[in-house]
Amino acid sequence: MDTRFARLLLFKDQQVLRRLAVKADFKGSITIGRQGFGAVIDLPGTYISRKHAEIVVTDNAELIIRDLGSTGGTFVNGARIEEAILRNADEIVFSTANDGYKLVVELLTPATTDSKHTTDSRQGSAVVKPPMPKGMTVSGRDTSDIAKLLENKSEITIGRSQEADICLPQLTITRQHAIIKKYPNGKYTITDLDSRNGTFVNGKRITQETDITPNDDIFIGSYKFRLTKPAEDIRRKNAIIADGLNRKVNNGKTTILHDIKFRIPSQEFVAVMGPSGCGKSTLLKALNGDAPATTGKVLIHGFDLYENYDYLKRMIGYVPQDDIVHRELNVENSLYYAAKLRLSGDVTEEDIRNKIDEVLTNLNINDPEIRKRKVGDLSGGQRKRVSIAVELLTDPSILFLDEPTSPLDPETIEDFLLCVRGLTQKGTTVLMVTHKPDDLYYVDKVIFLSKGGYLTYYGSKDNYLEFFDARNVIEVYAKNGTVEQGIDWANKLRGLYPVSGEIHRPNKEVDKVRDESFFKQLYWLTVRYFNIKTNDRLNTLILLAQAPIIAGLVALIFDELELSVLFLMAISAVWFGTNNAAKEIVGELPIYRRERMFNLKIMPYLFSKILVLGFFSFVQVVSFVAIVFYTVGNNAVHMNNYWGYVGVMFYLAFSATLLGLLVSAMVSNTEKVMTVIPIVLIPQIILSGVITAIPENSAAEIVSYGMLSRWGTESFGYVQDSIRSYMADPLCPDELVYRTVNAVDFLNLPGSFVHDAIDAFALPEIMTVPQKLPANLWAITALNVAVFVLLLVAMKRKDSV
């Protein structure tokens, strides 16, 4: 009886070299290795390890291939594996530089498989262990051919739920993500079911029921469908192809990247090296869409990144040089809020907990003590891993790391890079900028750039010294230290890899669509920000203590309710708002930019800041006014209308919060904040009209209209009406006596025409206010509108493109 159940066909450039029959009762292993070292299937080439891989038959008559720790890797249908169950027509290659050799599987009798391991329902898919990529199951039918599924029903659902007709188990995919319908006239349509991350047809996100034909490509998560073709996981294709990338700055006068060309297969670990200022980070940003190239193409899994950014951005993870997690949050909360902002809206709490467990385990930091520790209390290596964990929540197929080992000590570096190396074995392609030669021990390939941004080498980490005719990496750096050297080495590299000759037109601006729910982002951003402020207990207590301390000083100095009291209340309100907000954007700029790349909208981000800072300002104002209200004044004149004072002072503090956020958005680092704050606050003191009179019809008068302190002090005057002022006693000129005066008349600010113009408009009846006060509130509102518009512009300019 013939017990053969499989054949292995060894091809070289489409020509069959060998045929090996495999019997069901075969107990040994079929080894694959370098020629001359005793392997059953021996292949020439130094890229093949001596013991590269083996194929065995299990007791369940399954054909298994295992990689034996090879350097170049084993790939099944383009996916790098450690162990995989083989299916009919699977294609196996050994290393990316395989010289045309491949092994093709023919199953003569069906092998038993466990459906829970299926990574792709098409015939010939690999089952990867650990899974790369996580796969697809089809409820009730062993097919993902949509047209066949629609033969017996008028519509099918696609989503993460096990009840969906086509189940795609990725947390970025909604449980009921999309629905495809077939109409009696033969028309097919697809509708997105309000999913967070969208459904795409031919690379464009759809917002309504859309007609589809057999030639249309449908994208959900990392899967590509057609009506009459099985689903394809696009992550199996080449991870990155750079074709003719050039980056120009200074209005096109300076080129900092020159004609960059290379391709990176999936699951490779690639280092980018070169002297300082050669464009390493610029290249990274061009490849991930943060700052696109001026000309040239970037293909991510075969799709143009710049044309399909809204779809492909979910497959990209990016950790810049600075941490992208808040130091005030603990590790678990950092990941939890990131999951809420990035994952599908219907992901359960259990799903999030499981995902956090998974990513922390993969990075060797799933320790209960670490999870509860604040990010700011972690070591540099642990913080960097938490930043990577945030990116891994969305299962990116490509991870960009910008100098992650720079702040780490040698012992930490080894442990860190081994973790990153492990990610490639689980399916992630990693591109890492580094300047440390020892990092090359952990990567597969290396890219070298020279001064001026020329690509001078791309290939195996084992061959770059020979290419540069250098004894060590220090010599390599020296040989890439000038533009002239870079041009020479780039020409040598092009000689090895002929140029395509294609001329690339300038790229259009990348359309970074952000169509997330405004209110959902606002809610989770506000909750996260409030948690950040309350976790930083010392700073928050100091912030809240400012109000009673300053109010107490006012109470100690002033017995009479003078104009100076109203002035100090206005200045204090401006100080509270400005000081509270001045560092709140610039202090988390790397986090903002990364979240902005992914899906963050500007408006919910700003409103979350305003709401939380407004809450703390309100607490400050209530305590400040209470102290002054009950301690300043006497029987002659005392403060009246407590809530009127609170309303005006809070509105001033709110307005100053906008001003502080504008300062924070305009500066590039927190050190510059302290330089700018005096420039903002001192004019508020000088031009309030209290320190000295403002000359009428002068430049000072015009500038004073932009001062919150001017309108605030006058507003307090309208609320209070009467104040006390001292003057020389007519009977004893050497002594001072107090008299009661009208606050606004005594202040005597120029610009009555402003009140007359504004008083023509009615203020909404939100509170009872004295006459003329509405004009001041409208003036402050006009300033707020102007500041907020400038704030939006400043935030937009924070975008790389």
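This is a predicted model: local features need pLDDT of at least 70, side-chain atom pairs count only at pLDDT 80 or more; totals for chains, interfaces and linings use all residues.
Let me begin with the chain as a whole. The chain has 801 residues, of which 56% are buried, and its secondary structure comes to 23 helices and 35 strands. If we take the contacts with a separation of 6 or more, 64% of them are between residues 24 or more positions apart. The accessible surface comes to about 34,700 Å², and carbon and sulfur atoms account for 54% of that area.

I would like to turn now to strand 31, which covers residues 429-433 and has 5 of its 5 residues buried. Thr429, Leu431 and Val433 point one way from this strand, while Val430 and Met432 point the other way, and all of them are buried. Which strands pair with strand 31? Strand 26, residues 269-273, pairs with strand 31 in the parallel sense over 4 bridges, and within that pairing valine 272 has valine 433 as its bridge partner. Strand 30, residues 398-402, also pairs with strand 31 in the parallel sense, here over 5 bridges, with isoleucine 398 standing opposite threonine 429.

Moving on from strand 30, we come to strand 29, residues 316-319, which pairs with strand 30 in the parallel sense over 4 bridges. In this pairing glycine 317 has leucine 399 of strand 30 as its bridge partner. Strand 29 is covered on both faces, with Ile316 and Tyr318 buried on one side and Gly317 and Val319 buried on the other.

A residue in helix 7 also deserves a moment. Arginine 385 lies in that helix, which spans residues 380-392, and arginine 385 counts as buried because its relative accessibility is 5%, under the 20% cut-off.

On the surface, Ile549, Leu553, Leu556 and Ile557 form a nonpolar patch with about 460 Å² of accessible area together.

Finally, two loop residues call for a look at the backbone. Most residues other than glycine have a negative phi. Asparagine 202, in the loop between strand 18 (200-201) and strand 19, has a phi near 55°, which is a positive value. Histidine 301, in the loop between strand 27 (295-300) and strand 28 (303-304), likewise has a positive phi, of about 55°. Are these two residues buried or exposed, or in between? Asparagine 202 counts as partly exposed, because its relative accessibility is 41%, whereas histidine 301, at 0%, counts as buried.

Definitions and conventions: Residues are numbered from 1 along each chain as its sequence is written. Side-chain values use heavy atoms; hydrogens and water are left out. Buried means under 20% relative accessible area, exposed over 50%, partly exposed in between (1.4 Å probe, protein chains only). Contact means heavy atoms within 4.5 Å. Accessible areas come from the Shrake-Rupley method with a 1.4 Å probe; for residues, only the protein chains shown count as cover. Two strands pair if DSSP finds at least two bridges between them. Patches are made of residues with over 30% relative accessible area and no salt bridge: like charges are joined within 9 Å, nonpolar side chains (Val, Leu, Ile, Met, Phe, Trp, Tyr) within 5 Å. A salt bridge is a side-chain nitrogen of Lys or Arg within 4 Å of a carboxyl oxygen of Asp or Glu.
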